[in-house]
Amino acid sequence: MSLEAKFETLAIHADAWQTSDVAPPLHVASTYKYADGFNEAAARRAGLLPPVDVEYDGPIPVGDEHIYSRLSTDTRRRAESVIGALEGGKAVTYASGLAAATAAFLHVQPKRIFSSREGYYGVRGAMAIYCRTKPSVQVFHLEEEDPDAPYVFEDGDLIWLEMPQNPRGEVYDIRAYAERKPAGATIGVDSTFAPPPLQYCLQAGADIVMHSCTKYFGGHSDLLAGVLIVKEQERVKQLFEDRDNLGNTMGNMEAWLLLRSLRTHKLRVLKQSETATNLASWLNSLITGTCSQEDEEALSIVERVWHGSILGQPGHEIIKREGWGYSPCMSIQFKSPHHARLVVTRFKYIINATSLGGVDSLIEWRYGVDPKIHPGVCRFSVGLEAFEDLKADLKAGFLEVKALVDAMPAQ
């Protein structure tokens, strides 16, 4: 359904369906009765009956004419309608964020890939699997680009940007890459850490936008899903056909949970972003010389805060230029790996767990799962708890860990 409405209204009504249920029903059927005329249409396509002007447009059903849940379901279509409207494109959902990223690589079939050496290790792994099936693929790292001899992009290239980048939140200039690439090259953006309305990557020049819906779109740490959003109808048609053949579809329960979560998406994400921005400012206050005396001891173990709101953060000026918002996720770099590994279990409200984007605040010693990351870095996903409670929780945990590390024998 096409609506001219504000973001919040689209989140609730972009999937307007012909049903009397106010809340979307949960359908668990895996197969459906064939629509009237399906067999006759198949016979006409095969030449067993004379052709007619109007045929059944298979194999993907139209309207309510579902065949098999791997192809389509009401709830999954509704979730795709909403996400597409919020991002400003056409959405195709998948069983996970990694399934969506893999689908993007298989769809583009790049001859050369330009991406960061860092970012989410799962996507790096999916990229490596794709390259294993095509040994001729070349991979170039964005960090190694020489400003005096920049990369020259060609048709068939994939420029894959993760922004904000896991775990430190670097942001890339999509517009600059879009101006440099030829029409036959593709820009793919993993926008998981800052979904709309925080940033709009299609508007900035991306060809494909990917999200792990497990994170902010899901928002409650209770589902696995992913999505690709594109502009062109031909591209979305091919993605649907590929998904049917790959079988990497999102389940019925996950689709229902995702659709439920999308209704409150903006309210949640903007509040999380606001709280994260305030916390980042406080965490960075000793570094900037604006810290209160009572917080100095606790914040003395902080080496650096990585968040888009902080002046000097890679991508800070891009966010301001685009009028975007700041991610609810940040990273805190501590002065010692011992501070980082110990602090994650010292909080009352902040949970030591992986992932991000849910209503519960989560913190993780990132080196424990990705040894490419600096061992002093903890990733902090801010939830919907009160700023004052999270600040007090951080302060108490920092003081406890400072005492523990100070008491350690010298290495």
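Tutor: Arg 44 is buried, with a relative accessible area of 19%. Buried means under 20% relative accessible area, exposed over 50%, and partly exposed in between, with a 1.4 Å probe and protein chains only. The model is predicted, so local features need pLDDT of at least 70 and side-chain atom pairs pLDDT 80 or more, while totals for chains, interfaces and linings use all residues. Numbering starts from 1 along each chain as its sequence is written, and side-chain values use heavy atoms, without hydrogens or water.

Arg 44 sits in helix α2. Helices are DSSP runs of H or I with at least four residues, strands are runs of E with at least two, and both are numbered from the N terminus. Leaving out residues up to four places away in sequence, Arg 44 touches Leu 49, Pro 50, Pro 51 and Val 52. Contact means heavy atoms within 4.5 Å.

Now to α10. This helix covers residues 265–283 and lies across β8, β9 and β12 (377–381). Its direction is at about 15° to β9. Axes are lines fitted to C-alpha atoms, for helices over the stretch in contact, and angles run from 0 to 180 degrees between N-to-C directions. Buried residues of α10 include His 265, Arg 268, Val 269, Gln 272, Leu 279 and Trp 282.

The sheet under discussion is open, has 5 strands in mixed pairing, and is ordered β8-β9-β12-β11-β10. Its edges are β8 (302–306) and β10 (351–352); each has a single partner strand, so one side of each lacks a neighbour in the sheet. Two strands pair if DSSP finds at least two bridges between them. β8 and β9 (residues 329–334) run antiparallel, joined by 4 bridges. Trp 306 faces Ser 331 of β9.

Next, the nonpolar cores. The largest holds 44 residues, and Ile 83, Leu 161, Ile 174 and Leu 258 make the most contacts inside it. Helix α9 (residues 252–262) gives the largest share, 5 residues. A second, separate core of 30 residues includes Trp 282, Leu 299, Met 330 and Ile 350. Each core is a set of buried Ala, Val, Leu, Ile, Met, Phe, Trp, Tyr and Cys residues joined through side-chain atoms within 4.5 Å.

Last, the charges. A salt bridge is a side-chain nitrogen of Lys or Arg within 4 Å of a carboxyl oxygen of Asp or Glu. The count is 25. Glu 8 and Lys 266 form one, at 3.2 Å from N to O. Glu 8 belongs to helix α1 (residues 7–13) and Lys 266 to α10, so this pair ties together parts 258 residues apart in sequence. Glu 8 is partly exposed, at 37% relative accessibility. Asp 15 and Arg 263 also meet, at 2.9 Å from N to O. Asp 15 lies in the loop between α1 and α2 (38–45) and Arg 263 in the loop between α9 and α10, so the pair links parts 248 residues apart in sequence. Asp 15 is buried, with a relative accessible area of 2%. Arg 366 and Glu 364 pair at 2.7 Å, N to O. Both Arg 366 and Glu 364 are buried. Shared partners join Asp 173, Arg 175, Arg 321 and Glu 322 into one salt-bridge network.
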